[in-house]
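Hello,

Please find the structure below. Notes on what was found in it come after.

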Amino acid sequence: ARRLVTPMLLPAGLALLLLVAQYVEWPVGVLKLVSPGAAQFYEDAAASSGAEGTTVGFSPSLYRHATREALIRLSAYVALFLATCAYVRERNHISKIAGWIVAVGFAVSLFGIVQNLSGTRQLYGWRELTYGGALFGPFVSRNQFASYAGICLFVGLGLLLAHGAHAAGSVRRWKEGLQRVLSGRAHRDFLTAFAVGLIGAALIWSLSRGGILSVLLSFAGVFVAVRLAGLVRGRQMYVVAIGLVIVGWVTYLGWGPVVKRVSTLNEVARDPLATWRWTMCFDACRMGLSFPLLGTGAGTFLSVYPFYRTLPTDAVTVSPHNEYVHVFAETGFGGLAVLLLAMVLLYGRVIRGLLVRHYPFARGFLAGGVGALLMVTIHSLVDFPMRSPAVAATMAVAAGLLYRAATIESDKKKMLVAAPAGIVRNPGGGAAAADPAGLTGSETRSGTQGRPSRRRPTGRARRWQVRLAVPALVVVALPWAYLCNIALKPLRGQLLGCTIGRAQRNLTPDTDNVPAFADVSEESIRRYSPGDAQLYARLADLCGEAAAQVQDPMKRLNLADRALELRMTAARLEPMNADHPFGMAMAFLGFRRLDWARLQADRACKLLPNDPWVRAYLAEGFMAYGQSELAGHYLEKAEHLAATRGIEEVQPLIARVRGKLEGVAAP
């Protein structure tokens, strides 16, 4: 338990408390004081769906389900960090975990290279990407793969520096080198260097510009860390050698794609502010400033950002491509302060270990492993690597290794501390004074008397240990099982979403089983993912499409009414997603309720103030239901917004809808 009590518990606990505060419901009056914007959006959503006064309180998060999943993920990362800190007690433990990180990174990198050479753009060779993207290996984003590969690379480099950090002079260096070859440890280091070189080559061949620049800057930081650690000059050759191995691998694979990709940085350097990433960062900053205390809720960026988006596109984005701005947008100044506190504590512990520690293994591992921290820190300025669970989980374990490496002691020092009182070791290597029992230092070193004596428990104490073992196991197992059940609920919700999508693709004119399927699915949603607005929306789409195919008027009416109810539920759960009021507007048009349809259409336009696409689609929808006047109204809004903002991409859609509208009005 003593190893778990670290200063890093402070930012971890504060982060978990912040997400819990975002997730739980607050009284409306209190929330209006702390986050008036969130309360206003929830009240507008409830009013537009006819549910005023039915909710006792609102949460600061504008999408509680996403915040709940973010809380589960953050809890897992904190648990991984603490588990690593609790496990690591000596250098062998660091070597084992770091070796596994390098081994898995090597396998993933090799898979990515083979996939790239094969020319396939399908995930694992068979699954098409839903939203496109730059695929590399099992990562749908090459930028996130670059961060993952960078962590594995520098953990392996730290392992190499740690194993070779014992040499202090030329004679001793040659002697230890010969011993390493005879003992077989050189083969292990050779395999580690081979794997690290391939990981670095895969990182460069992923063509992530931010990843390539970040790894170069991180290598520079490792050189500085080696000097700070006071390692012998020959240890810098390890870093140079790894760099040469990476260059050799990339030369074998080919520099053509890399040079072509890196050359695009000239365009960015000429006009940095012209890129979309700067615009997204500015929009995300406005989003954070609108909710400065608690933010919009962790995981809500995809839902809330379209309200602040000024980009000339209707594409969705999950991040502003800047991790720090992303944290500020979702958690406000409080979350940003907690993040900076965690970085200061972690970097401070690593730098202190480099400057103060005298254990060569620890200094070597810290000197190389600090590159993993630098890699993620620098890359987060231009991308969002920590949004990938693979990157975040591996970084949590690597951070635990670095944190413990700065505190573990050498085996010799442990033996000196553990020696019984009265035994004096002779620093000069001669005979040591004997203790009162007559044991000499040589006998202590060769025997077992140097270890701390452990008193065996008596029979009565042993019986009490057996009696307490079962209750202690139950006390640990029950909370563990409950927490695992909570963590698996999002996975059950994802499987339910796949089932609904499969049913939607296989709809037939015979839709008698749709109401029963909808009942079972809605019950499963309430049980496993009670706040998942996307599942309610998908189920609403299924009922709506089934209503369009059924022939019986009563069944059609029931299915359409069911779809509308599900859409209303989704709108209350996710008040800033314009898809829900858009769907309700089309549903009300089917019921010939123009007043409610226009109310929902105006709300969709309000949630997307800079988007001409939603207005053009609304015009097309109103025209499909024979409301030409309202269709012309929304089409004029779309044309005005497109002309004002100079958005050319929407002109084909506007022209298509205008042609249909004129064709309807001509007769």
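The notes run from the whole chain to two single residues.

This is a predicted model, in which local features need pLDDT of at least 70 and side-chain atom pairs count only at pLDDT 80 or more, while totals for chains, interfaces and linings use all residues. Residues are numbered from 1 along each chain as its sequence is written, and side-chain values use heavy atoms, with hydrogens and water left out.

Whole protein

The protein has 28 helices and two strands; helices (H or I, at least four residues) and strands (E, at least two) are DSSP runs, numbered from the N terminus. Of its 667 residues, 45% are buried (under 20% relative accessible area, with exposed over 50% and partly exposed in between; 1.4 Å probe, protein chains only). Among contacts (heavy atoms within 4.5 Å) with a separation of 6 or more, 74% are between residues 24 or more positions apart. The protein exposes about 33,300 Å², by the Shrake-Rupley method with a 1.4 Å probe. Carbon and sulfur atoms supply 64% of that area.

Backbone

Leucine 207 is not a glycine, yet has a positive phi of about 65°. Leucine 207 sits in the loop between α8 (185–205) and α9 (209–229). Leucine 207 counts as buried because its relative accessibility is 18%.

Histidine 321 also has a positive phi, of about 65°, without being a glycine. The loop that holds histidine 321 lies between α14 (301–308) and α15 (323–356). With a relative accessibility of 17%, histidine 321 counts as buried.

Regards
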